[in-house]
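Please keep the structure in view while reading the points below.

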Protein chains: 2
Amino acid sequence: MKLDKHLKICIIGLGLMGGSYAQALSDEGYEVGAVARRRETLDYALEKGWIAHGVTEVTAEYMKKFDISVFALYPHIFVEWIEKYQNCLKPGAVITDVTGVKGCVVYKIQEMLRPDVEFIAAHPMAGREKSGIEYASKEIFRQANYIVTPTEKNTAQAVEICKSLGETLGFKTVTTLSPEEHDEMIGFLSQLTHCIAVSLMTCRDTDGFEKYTGDSFRDLTRIANINDVMWSELFLLNKKELLKQMELFENAFANLKKTVENNDIDEMRSLMRKSTEHRKCFEKEGK
Amino acid sequence: MKLDKHLKICIIGLGLMGGSYAQALSDEGYEVGAVARRRETLDYALEKGWIAHGVTEVTAEYMKKFDISVFALYPHIFVEWIEKYQNCLKPGAVITDVTGVKGCVVYKIQEMLRPDVEFIAAHPMAGREKSGIEYASKEIFRQANYIVTPTEKNTAQAVEICKSLGETLGFKTVTTLSPEEHDEMIGFLSQLTHCIAVSLMTCRDTDGFEKYTGDSFRDLTRIANINDVMWSELFLLNKKELLKQMELFENAFANLKKTVENNDIDEMRSLMRKSTEHRKCFEKEGK
């Protein structure tokens with residue numbers, strides 16, 4: 001089953017991600033509604049034509065319009081919302097999310113949810129260093145991956161709708177992973193890299209170094225500009241997996257350091273050649 | 001004293017860096033000669049119009065033409081060259097280099113050099129992930145820094161010529177640092193970042209992860225594609241300083257890891273805010 005245009009979609013939380021969803025879906029011809037905390041946010045989205053209507057207070061009357069709801073909230077607020085308002089959702093509705101960690105969210109929500117509403121989780125791997133609807137843009141999806149993370153509780157139909165949503169949003173690739181595979185991958189590719197950037201950026205006094213900085217240091221610390229509220233929550237929600245990835249990195253770094261300490265040029269060069277070889281798999285044009 | 005066009009310049013070593021120097025200087029109207037190991041390299045540079053002439057064997061007759069020689073060689077080959085051929089240099093000549101570490105090279109060369117030839121060291125902070133003259137281009141200097149590292153033995157005149165060379169090559173900024181300041185800065189900004197990239201790229205099996213890779217992982221591992229011969233030599237030549245910088249990073253990383261282990265969200269967020277704050281100094285347009 002595909003997403004199709006008679007389906008009405010609600011975006012809950014109009015930040016960077018929710019705003020970008022609203023824009024992409026409205027531009028595709030969907031009727032998009034929204035729940036936002038602040039009136040100004042709704043006004044902004046209305047003026048841009050990204051939503052048809054919206055509310056700042058959740059009501060059963062409003063939520064009953066929607067076949068699909070997308071939760072673009074911080075993880076703990078998403079859980080609180082479901083606890084408080086799930087009775088407002090339309091019977092038969094499919095809900096999905098944008099949460100950057102999966103294991104700790106997916107099972108919890110599926111566990112607590114009404115049996116006549118289905119939660120199919122997804123992670124749109126897109127973003128910017130800035131947050132808020134004023135930075136929203138559907139362009140952030142164009143080169144990005146969208147990952148659906150179904151569990152045994154999900155129906156094939158909901159998985160298809162969710163994948164179809166990713167395609168409609170304009171993601172470059174749409175794939176599926178188990179919540180556990182997802183969290184391991186994200187612990188390594190995304191969370192560990194942020195830990196490295198933060199550590200590099202805070203490990204010493206760098207006054208005056210900006211004059212001498214080349215692209216390598218800039219590249220490694222671009223993501224050192226980090227939303228502390230969101231990332232600290234995501235780190236702790238994926239604590240076990242993140243710590244595992246941090247240890248793998250620590251060991252590799254200590255190993256390289258030992259080759260320097262011991263003047264072990266053969267082993268050092270062997271690590272560098274392995275590094276060059278592995279990096280080849282990750283090359284894309286111009287990067 | 002400025003570099004001026006009656007001065008003849010020899011590039012010793014026509015790789016990525018030497019080739020780019022030759023191109024930039026010839027385009028500015030200088031008579032540029034070269035010493036290269038292979039005839040094919042000279043032919044390539046001659047055909048491009050980057051050199052006026054060149055040799056594969058060093059002779060006193062050839063070297064006596066040049067007022068300035070630029071050594072674009074691996075550090076240990078530079079030292080060997082001076083040992084073997086310094087008698088061929090023209091009396092009164094100024095020599096400079098492109099070596100990425102300074103302390104261990106500058107004093108050694110100045111110590112062993114004839115008194116009628118002056119060595120003024122410089123580090124052009126430019127490069128690419130590829131080596132060899134076929135990747136040479138003066139464009140690599142345009143957004144880059146050029147650092148002159150004089151010692152007490154240098155004359156003001158040689159420092160000025162060397163700075164003027166950096167400007168002529170088209171570097172964005174030309175500055176001076178002591179060899180020790182340079183090596184600390186480079187140990188942190190460049191060598192440590194390469195250690196991090198290599199460790200990240202080799203710390204685990206990453207098969208299949210390329211499908212999910214976003215820009216952050218790509219940015220952090222761009223320099224994991226590394227010339228093992230050159231970088232292993234540079235690491236060991238700057239061993240003491242590099243190990244110091246690696247320890248600073250290890251401590252910061254361990255500290256962040258501890259906040260995850262202990263669910264210490266306040267300290268974690270405080271580190272992230274510090275990181276965001278520090279990163280601001282390094283921002284440039286579009287980065």
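**Helix packing and chain contact**

H7(A) and H10(A) are oblique to each other, and their axes, which lie 9 Å apart, form an angle of about 60°. The model described here is a predicted one.

**H7 and H10 within chain A**

- The crossing of H7(A) and H10(A) is right-handed.
- From H7(A), the contact draws on A:Asp183, A:Glu184, A:Gly187, A:Phe188, A:Gln191, A:Leu192 and A:Cys195. H10(A) contributes A:Glu241, A:Leu242, A:Lys244, A:Gln245, A:Met246 and A:Phe249.
- Sorted by class, the residues of the contact of H7(A) with H10(A) are six nonpolar, three polar and four charged.

**The contact between chains A and B**

- Chain A gives 72 residues to the contact, and chain B gives 72 residues.
- On the side of chain A that touches chain B, the elements that supply two or more residues are strands S8 (145–148) and S9 (173–176), together with helices H7 (179–202), H8 (215–221), H9 (228–237), H10 (239–261) and H11 (265–279).
- H10(A) provides the largest share of that side, namely 14 residues.
- The residues on the side of chain A that touches chain B comprise 37 nonpolar, 19 polar and 16 charged.
- Of the interface residues of chain A, 100% are also interface residues in chain B, so the copies meet through the same surface.

**How the two copies are related**

- In general, a rotation about an axis and a shift along it relate two copies of a chain.

**A helix pair across the interface**

- H10(A) packs with helix H7 (residues 179–202) of chain B at an angle of about 125°, and the axes are 8 Å apart.
- H10(A) and H7(B) are therefore oblique to each other, and their crossing is right-handed.
- The residues of H10(A) that make this contact are A:Phe249, A:Ala252, A:Phe253 and A:Leu256. Those of H7(B) are B:Cys195, B:Val198, B:Ser199, B:Leu200 and B:Thr202.
- The contact of H10(A) with H7(B) has seven nonpolar and two polar residues, and no charged residues.

**The six-stranded sheet of chain B**

- Six strands of chain B form an open sheet in the order S3-S2-S1-S4-S5-S6, with parallel pairing.
- Strand S3 (53–55) and strand S6 (118–119) of chain B are the edge strands, each pairing on one side only.
- Strand S2 (residues 32–35) of chain B runs parallel to S3(B), and three bridges join them. B:Val35 stands opposite B:Val55 of S3(B).

**The three-stranded sheet of chain B**

- A further open sheet of chain B has three strands in the order S7-S8-S9, with mixed pairing.
- Strand S7 (122–125) and strand S9 (173–176) of chain B each have a single partner strand, so one side of each is left without a neighbour in the sheet.
- On average, neighbouring strands of this sheet are turned by 15° against each other, direction ignored.
- S7(B) and strand S8 (residues 145–148) of chain B run antiparallel and are joined by four bridges. B:His123 has B:Ile147 in S8(B) as its bridge partner.
- Helix H6 (residues 156–169) of chain B packs on the sheet and touches S7, S8 and S9 of chain B. The direction of H6 makes about 170° with that of S8(B).

Key. Residues are numbered from 1 along each chain as its sequence is written. Chains are lettered from A and ligands numbered from 1 in the order in which they are written. This is a predicted model: local features need pLDDT of at least 70, side-chain atom pairs count only at pLDDT 80 or more; totals for chains, interfaces and linings use all residues. Two residues are in contact if their C-beta atoms, placed from the backbone, lie within 7 Å. Ala, Val, Leu, Ile, Met, Phe, Trp, Tyr, Cys and Pro count as nonpolar, Asp, Glu, Lys and Arg as charged, and the others, Gly among them, as polar. Axes are lines fitted to C-alpha atoms, for helices over the stretch in contact, and angles run from 0 to 180 degrees between N-to-C directions. Angles under 35 degrees count as roughly parallel, over 145 as roughly antiparallel, 65 to 115 as roughly perpendicular and the rest as oblique. A crossing is left-handed if the near helix is turned anticlockwise from the far one by less than a right angle, and right-handed if clockwise. Two strands pair if DSSP finds at least two bridges between them.
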